[in-house]
Amino acid sequence: MIGTEAKRALRSMMLIRAFEETLAKRPDHGFQLLSSGEEAVAVGLCAALGPDDQLLTGGRSIGPALARGCDPSRVMAELLGRSTGTNRGKGGRGHLADPASGFFGSHAVVGGNINVAAGVALSMQMSRTSGIVAVLFGDGAFGAGALHEILNISTAWKLPLLFVCNNNQLSVSTPRATALAPRNLSDIGLAFGIPSKTIDGMDVDTVSEAAHEAVAWVRSGKGPAFLECISYRFASHSTTARETRSRAELAEIRSRCPIVKLTGQLKATGGLDDAAEADLKREVAEVVMAAIAFSDRSEYPNPAEALTDVW
């Protein structure tokens, strides 16, 4: 990434971080899975997706939704259960969706988004559109049979599907090495003949480069691709979960911050100075405050709508 593209990525990561930190301070924020520390995965992936593509995620959906370009005010309203939200306040974080923005949606069931992603990809293939589907999931989804089934069928049918594992190395509090046998989780793709790669998920430039390469492969009609992004979340599994890592481990993890890394790279090359960095921080803070104000002005859903849009 260079110039404007790198600054755009930095702004997007800053927005995700500020959005989540502000949301978490609200007493009415509900139950949230935050992605602070993992911003480079979502932003780098979305940098490679086009307007006709669709992204599906697991329950850790806030960062990917914002990176994909969903309206921050409507996302905030959804998370706070307001009728002006992307899903009229009834979907929340676990079922947040905005297909018009290229965000087909999140899924609260671990691995539950993978089958849905295959269906969307098959629809695109049958419609002969130029769009592809990216499905983002955590290392915990490797225990789901759906992943293995869809890796197989997507290869057999050459579906336009990009598998992206955001491997933050913890399934809630279970270390990845304790639960999963492969040295690299991307090895599972190789077993099905899928081009697969394990990359540094804390570097947005690395993620973007690998994602562009994988997206090009999938869009060419050659079938699926698989990326494993090694990342670290800075907080516990959820806003209600106890932190299981030591202070020393957390300090080491936070020293790898993708925002700090990209900021330093831009400053070292003359692409950013302290004043421009302060402007970016001020800009994203204003966006988040506007999202909060929009949500607070909004009504809660009418109880009469409880069973509408339920299938």
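A residue is called partly exposed when its relative accessible area falls between the buried range, under 20%, and the exposed range, over 50%. By that scale Arg-11, at 26%, is partly exposed in this predicted model. Side chains of opposite charge can pair when their charged atoms come close. In this structure the count of salt bridges comes to 16, and several of them are described below.

**Helix 1 to helix 12**
- Arg-11 pairs with Glu-283 in a salt bridge whose closest N and O atoms are 2.7 Å apart.
- Because Glu-283 belongs to helix 12 (residues 274-297) and Arg-11 to helix 1 (residues 3-24), this pair ties together parts that lie 272 residues apart in sequence.
- Glu-283, with a relative accessibility of 35%, also counts as partly exposed.

**The segment after helix 12**
- Glu-305 and Arg-88 form a salt bridge through their side chains, with an N to O distance of 3.0 Å.
- Glu-305 sits in the segment after helix 12, whereas Arg-88 sits in the loop between helix 4 (72-79) and strand 2 (103-106), so parts 217 residues apart in sequence are tied together.
- Arg-88 has a relative accessible area of 38% and is therefore partly exposed.

**Helix 11 to strand 7**
- Between Lys-261 and Asp-200 there is a salt bridge in which the closest N and O atoms are 3.9 Å apart.
- This pair links distant parts of the chain, since Lys-261 is in helix 11 (residues 258-268) and Asp-200 is in strand 7 (residues 196-200), 61 residues apart.
- Lys-261 is partly exposed at 34% relative accessibility, and Asp-200 is partly exposed with a relative accessible area of 34%.

Technical notes:
Residues numbered from 1 in each chain as written. Predicted model: local features only at pLDDT ≥ 70, side-chain atom pairs only at ≥ 80, totals over all residues. Heavy atoms only, no water. Salt bridge = Lys/Arg side-chain N within 4 Å of Asp/Glu carboxyl O. Helix = DSSP H or I, 4+ residues; strand = E, 2+ residues; numbered from the N terminus. Buried < 20%, exposed > 50% of the residue type's maximum accessible area, 1.4 Å probe, protein only.
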